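Good morning, colleagues. Please look at the sequence and the structure on the screen while I take you through some of the contacts within the chain.

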Amino acid sequence: MKSQAYRMALLYDFYGDVLTDRQKEFYDLYYNEDLSLAEIAENCGITRQGVRDVIVRAEAILTDLEDKTGLIKRFHAMQKQFREMEGAAQEILRRSARYDDPELEAQARKILELCRQMEKE
């Protein structure tokens, strides 16, 4: 269940802007605020089935976008590559101490800093 909630949160973070205001509201209440369909329906004055239909439609839109673009998949691949680059730069930094090469050390530190900056963006 947690992996489903995590996946839905990622889909919303990446593609949520394409949803209507109503879809955004119900999606947020259901997945982020952890309200039940019945609670959302009661608060909004519609049926539970009506809430479910809106959420299912929003899920379908977000899932379809990910299937077509693959942005989340690429995002995870890039995060893994950044971690690998950081590891390689740290190894270079560790080995550079043996050679007393300040330029090698500076370049390794620059790579580490760039990786960290890119991960934040």
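Which residues does Leu 62 touch, not counting residues up to four places away in sequence? They are Leu 11, Tyr 12, Tyr 15, Gly 16, Val 18, Leu 19 and Tyr 27, where contact means heavy atoms within 4.5 Å.

Before going further, a word on the source: this is a predicted model, in which local features need pLDDT of at least 70 and side-chain atom pairs count only at pLDDT 80 or more, while totals for chains, interfaces and linings use all residues. Residues are numbered from 1 along each chain as its sequence is written, and side-chain values use heavy atoms, with hydrogens and water left out.

Leu 62 is located in helix α4, residues 48–69; helices here are DSSP runs of H or I with at least four residues, numbered from the N terminus. Because its relative accessibility is 0%, Leu 62 counts as buried, the term for under 20% relative accessible area, with exposed meaning over 50% and partly exposed in between, for a 1.4 Å probe and protein chains only.

I turn now to helix packing. Two packed helices are described by the angle between their axes and the distance between the axes. Axes are lines fitted to C-alpha atoms, for helices over the stretch in contact, and angles run from 0 to 180 degrees between N-to-C directions.

α2 and α4 pack at about 100°, with axes 9 Å apart. They are therefore roughly perpendicular to each other; angles of 65 to 115 degrees count as such, those under 35 as roughly parallel, those over 145 as roughly antiparallel and the rest as oblique. On the α2 side the contact includes Phe 26, Tyr 27 and Tyr 30, and on the α4 side Val 51, Ile 55 and Leu 62 are among the residues involved. By class, this contact has 10 nonpolar, one polar and three charged residues. Here Ala, Val, Leu, Ile, Met, Phe, Trp, Tyr, Cys and Pro count as nonpolar, Asp, Glu, Lys and Arg as charged, and the others, Gly among them, as polar.

How do α2 and α3 cross, and at roughly what angle? The axes of α2 (residues 21–32) and α3 (residues 37–44) come within 9 Å and cross at roughly 135°, which makes α2 oblique to α3. Glu 25, Phe 26, Leu 29 and Tyr 30 of α2 meet Leu 37, Ile 40 and Cys 44 of α3. Six of these residues are nonpolar, none is polar and one is charged.

In the loop between these two helices lies Asp 34. This residue is not a glycine, yet its phi is positive, about 60°. With a relative accessible area of 65%, Asp 34 is exposed.

α3 also packs against α4, at about 110° with axes 8 Å apart, and the two are therefore roughly perpendicular.

Glu 86 belongs to α5 and, at 13% relative accessibility, counts as buried. Glu 86 touches Leu 112, Cys 115, Arg 116 and Glu 119, not counting residues up to four places away in sequence.
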